[in-house]
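We will walk through aromatic rings, a core and a surface patch, one stop at a time.

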Amino acid sequence: MIFKQLVQTNAWLSIASILLELYPDEENNMEGYETVFEKLLMMNPEETDMTIVISNEKDNFDGEKYVNVSGTYNRPKNEDEKFSQAIEFTPWNLWLGMEISKVSLDDFSGLEIIAHCLYEMTFVGFAEEDIQEDLNSLKKTVEDYKMMTEEEKQNNTTSLDELLDELNEEDNENEHL
C-alpha cells in the first residue's frame with residue numbers, strides 16, 4: 001500500500017483525534033495539519049524507490065522512547081542508500097508515492113501511520129515552500145563549511161562535548177529560576 005492510498009481511505013476527524021493523542025503539544029497546530037492533509041488528498045503521488053518505515057526507538061542519549069519515521073531505498077544504488085534515510089525534507093508528492101513497510105502496517109494502525117507521517121512531513125513547516133527554503137539554507141551552510149579552511153572550521157564549530165556542556169549549564173540555570 002502506498003501512503004496516498006492510506007490518506008484517501010481515512011477521514012480528517014479520525015486522524016486529528018489520533019494526532020492529538022500521540023502529539024498533545026501540537027494542539028495549536030491542528031489547523032496547519034488539516035491544511036496539509038487536504039493538500040495531500042488533492043496531490044498526485046509520484047513513484048519513488050523509497051518505503052516509509054515507522055518504528056519505536058529508544059534514544060541513545062537520554063533513553064527516552066520515540067517513534068522514528070524514516071525511508072529506506074528498495075534498490076540502494078550506493079552504500080549510503082543501504083541505511084535509513086531522513087525524509088522530512090522530501091517533497092510531499094514523493095511521500096504519497098512511497099510504499100509503507102509491512103512492519104509499519106503490522107505495528108501501527110493506519111491512523112497512527114498517517115499521524116506520525118504528518119508530524120514528520122511538517123517538522124520544518126506547514127508549507128512545502130518553507131521546507132524547501134530551509135533545505136536550501138542547510139545545503140548552503142554545508143557548502144560554506146566545505147569551503148572553510150581548517151582554522152575557520154575550528155573557530156566556527158563546536159564539539160559535541162562542548163555543546164553538551166553548554167546544554168547542561170542551561171538546564172542547571174533554568175532549574176534555579
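Start with the aromatic rings: there are five aromatic pairs, counting rings of Phe, Tyr and Trp (its six-membered ring) whose centres lie within 6.5 Å, with planes under 30 degrees apart called stacked, over 60 edge-to-face and the rest tilted. Before you select anything, note that this is a predicted model, where local features need pLDDT of at least 70 and side-chain atom pairs count only at pLDDT 80 or more, while totals for chains, interfaces and linings use all residues. Residues are numbered from 1 along each chain as its sequence is written, and side-chain values use heavy atoms, with hydrogens and water left out.

**Stop one: the rings.** Select Tyr23 and Tyr119: their ring centres are 3.9 Å apart and their planes at 10°, so this pair is stacked. Tyr23 sits in the loop between helix H2 (12–22) and helix H3 (30–42), while Tyr119 belongs to helix H6 (residues 110–121), 96 residues apart. Helices here are DSSP runs of H or I with at least four residues, strands are E runs of at least two, and both are numbered from the N terminus. Together, Tyr23, Tyr119 and Phe123 make one aromatic cluster.

Colour the three by relative accessible area (buried is under 20%, exposed over 50%, partly exposed in between; 1.4 Å probe, protein chains only). Tyr23 is buried at 15%, Tyr119 is partly exposed at 23%, and Phe123 is exposed at 57%.

**Stop two: the core.** Which residues touch the most other members of the largest nonpolar core? Select Phe3, Trp12, Leu40, Ile52, Trp95, Cys117 and Leu118, out of 32 residues in that core. A nonpolar core is a set of buried Ala, Val, Leu, Ile, Met, Phe, Trp, Tyr and Cys residues joined through side-chain atoms within 4.5 Å. H6 gives the most to this core, with six residues. Centre on Leu118: leaving aside neighbours within four places in sequence, Leu118 is in contact (heavy atoms within 4.5 Å) with Trp12, Ile15, Tyr33, Val36, Phe37 and Leu40.

**Last stop: helix H9.** Select Leu167 in helix H9 (residues 160–175); Leu167 is partly exposed, with a relative accessible area of 38%.
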